Each structure stands twice: as structure tokens, then as C-alpha cells.
Amino acid sequence: MKLSFRWYGESDPISLEYIRQIPGMRSIVSAVYDVKPGEVWPEESIKKMKEAVEANGMLFDIVESIPVPEDIKLGSPDADRLTEVYCENIRRCAKYGIKCVTYNFMPVFDWTRTQLDKAAEDGSTSLVMYWDQMRGLDPLVDDINLPGWDASYSREEVRELISAYGKLGEEGLWANLEKFLKKIIPVAEECGVRMAIHPDDPPYPIFGIPRIITCEENLDRFLKIVDSPANSLCLCTGSLGCAASNDVVAMVRKYAKMDRIAFMHIRNIKIMEDGSFEERAHLSSCGSLDMAEIVKALVECGFDGYVRPDHGRMIWGETGKPGYGLYDRALGAAYINGLFEAYTKALS
Ligand SMILES: [Mn+2]
């Protein structure tokens, strides 16, 4: 496996000098943040990031993410032009050594939580989604501003988008995804890039907005649209794991065996009785997911893709981007290293 760490570029309060000190850290996962979704990435920006990462003894060979504009997901008249731009960005990334590009196909909001700094008993804080804070909210009527939602949309724009996706429905979203994949995957194949779709987070509809990258049946359907290793998964344990109906270990085993996991996001969550969830420390006993079984499945299937510790808690007084502090993600990386080393030795 190729251990990696997400970094938000120059503006990230965590320095590459610190990240390189995490044992076994190989790759930096990042993106070009100086242009809006739907614009071509300046080659100069990609090159600059590559040079900064390499100057710190690591590789910049994986991108998260090239965002998919809403117009592509909605199948708007501008979708074809924007898909061309998307293909050009894949080519430019490949030119600078990128081997894997992560993206998602979630309408409107990348992820949904009701609180970003919920304090646990031990004084650490993490992101949570509590249904008793969600229920009764209607984004078409109420003035909703959940943490983490894109603040660049006006309330009116959010309402319009939600109603457009409501009309599109799941099958409409599938059709637009298929159209998109059939254009981008041949380009990715041509330039040696694996596209890795991130599951919807959480993996069920919220506010009636369709969500399709959610469960085994839908992941099977997704992979069949273009049956190629270039059309693969970013299997995020914490996202799929938020639905108790998803058997994450079985999914990891199945898709790793098929060689359709390009990237693993490893993180633990605790599902509460009412379906609410809390992001927890990576250790299996801290949450609902069996991390040892997940890594064992990967090792047994010969997984050689990218792995990163996903969201961490805020611990030891650290402040910063919720979910993306240094300390708890570094603990996660060390734990992931330990599990991989143990299973690799035991099975060799
Ligand atoms: Mn993830």
C-alpha cells in the first residue's frame, strides 16, 4: 500500500515538513485550489505543488479532488464543455506524474454533519451528524446553514439546486454519471490515471436530494458502466460505514479482489441507535468498524493502491480545519502502518 496524507496546499496550517516526519509517509494528496470548479488547472500550479512536495521527500502522485461541477451532475447545456475541461485537467495531472484522481458525484453538498466540534468525554472533538438536529429541517423553506456546506451558494441558489436535483431524481443522476464516465474514463486510460469515485457521505438521501454511490448494489452498477481499472473506487470506510446495512469488510474484500479500489480512506465512525453517527479515533474499539478486518482483507487481496487516514479528531489542543488536524491523523497513519505490517508479515 502507498501511504498518503491530505494537504490543502500553501494555506494549510500543517506544513509538509511536519507531514514528512510521519513514519512511512509516501505521497501527498492534494489539488489545485486557485481556480474554481469547472476551470482548467494552470500547469504552473500543478508543477509548483509537485516541486514543493518533492522538496520534502514525498511524491505528489494522487489528486483529491478534481471537483465535478453541478452543471455536469445536472446534465445542463454546459455539461459537454465542462466535461472537456475535466478531461483536460486529467491530462494535465498525468503530465506531472499523477496516477490517481479522486472525485465524487454528490449533488450540492460534499458531506453533511450537524456539528464539527462535538466534545467527547476525553476532551477531544470531532464531526458528528445527529438526526435530532436534522429532523424537521426543510432546506426549501428553512434558512439552513449546516456546518461544512458550501458558503459560496446563496440561499436562493441552494433552493434552486435542491429542487433541480429533486426533479432529476436518482435515474437522471445515473444517466448523467454514465455520460460523464464514458467521456472521462477513455482519457484516464490513455494517460495512465485511475479515477476513484468517493462514496456519498453519508450514503443515503438527505432532504430528498438523490444519492447513488451508496451501497454494494450501486457500486456494482457503477463499476459496470465502464468495466476498466481506470474506473475505480475511493473506498471510504467512514462514509460507507455510516449506513449499518453496508458490510464494509465484505465490500473491501470484494472490490479489492476485483482490483477496483484505487484509493482507501480509512477512518472509524460510531453509529448510534437512531442512525446518527460520530467520527471517532481510528482504533477498532473506538467505533463501529473493524479496522483490522478491513486491512486484513486488503492485504489478502494483494491491495497495492493508495491509503490515507481520513478525518481525525482534534486532540492535544490543536485547532484548524475540522477533521484535518495533524495529530490524530498522524496517529491514524501509525495505526494503519501497524495493521499493514502485521498482516503482511503474518500472510507472507
Ligand atoms: Mn473519505
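This is a predicted model: local features need pLDDT of at least 70, side-chain atom pairs count only at pLDDT 80 or more; totals for chains, interfaces and linings use all residues.
**Exercise 1. Overall build**

Find how many helices and strands the chain has, and work out why its radius of gyration agrees with that of a compact globule.

*Solution.* Start with the inventory: the chain contains 11 helices and 12 strands. Next, take the extent of the C-alpha trace, which spans about 50 × 45 × 40 Å along its principal axes. Finally, turn to the radius of gyration: a compact globule of 348 residues would have a value near 20 Å, and the chain has 19 Å, so the two agree.

**Exercise 2. The barrel**

Trace the order of the strands in the closed barrel, and then look at how strand 9 pairs with strand 12.

*Solution.* Follow the 8 strands around the closed barrel in the order 1-2-3-4-7-8-9-12; their pairing is parallel. From one strand to the next, the twist averages 30°. Now pick out strand 9 (residues 261–266) and strand 12 (residues 306–309), which pair in the parallel sense over 4 bridges. To locate this pairing on your screen, go to isoleucine 266, which stands opposite proline 309 in strand 12.

**Exercise 3. Two helices in contact**

Describe how helix 10 (residues 291–300) and helix 11 (residues 327–347) cross, and which residues make the contact.

*Solution.* First take the axes: they come within 9 Å and cross at roughly 50°. The two helices are therefore oblique to each other. As for handedness, helix 10 passes helix 11 in a right-handed crossing. Helix 10 brings Met291, Ala292, Val295, Lys296, Val299 and Glu300 to the contact, while helix 11 brings Leu339, Phe340, Tyr343, Thr344 and Leu347. Sorted by class, this contact has 8 nonpolar, 1 polar and 2 charged residues.

Definitions and conventions. Residues are numbered from 1 along each chain as its sequence is written. Axes are lines fitted to C-alpha atoms, for helices over the stretch in contact, and angles run from 0 to 180 degrees between N-to-C directions. Angles under 35 degrees count as roughly parallel, over 145 as roughly antiparallel, 65 to 115 as roughly perpendicular and the rest as oblique. A crossing is left-handed if the near helix is turned anticlockwise from the far one by less than a right angle, and right-handed if clockwise. Two residues are in contact if their C-beta atoms, placed from the backbone, lie within 7 Å. Ala, Val, Leu, Ile, Met, Phe, Trp, Tyr, Cys and Pro count as nonpolar, Asp, Glu, Lys and Arg as charged, and the others, Gly among them, as polar. Two strands pair if DSSP finds at least two bridges between them. The radius of gyration is taken over C-alpha atoms; the globule rule is 2.2 Å times the number of residues to the power 0.38.
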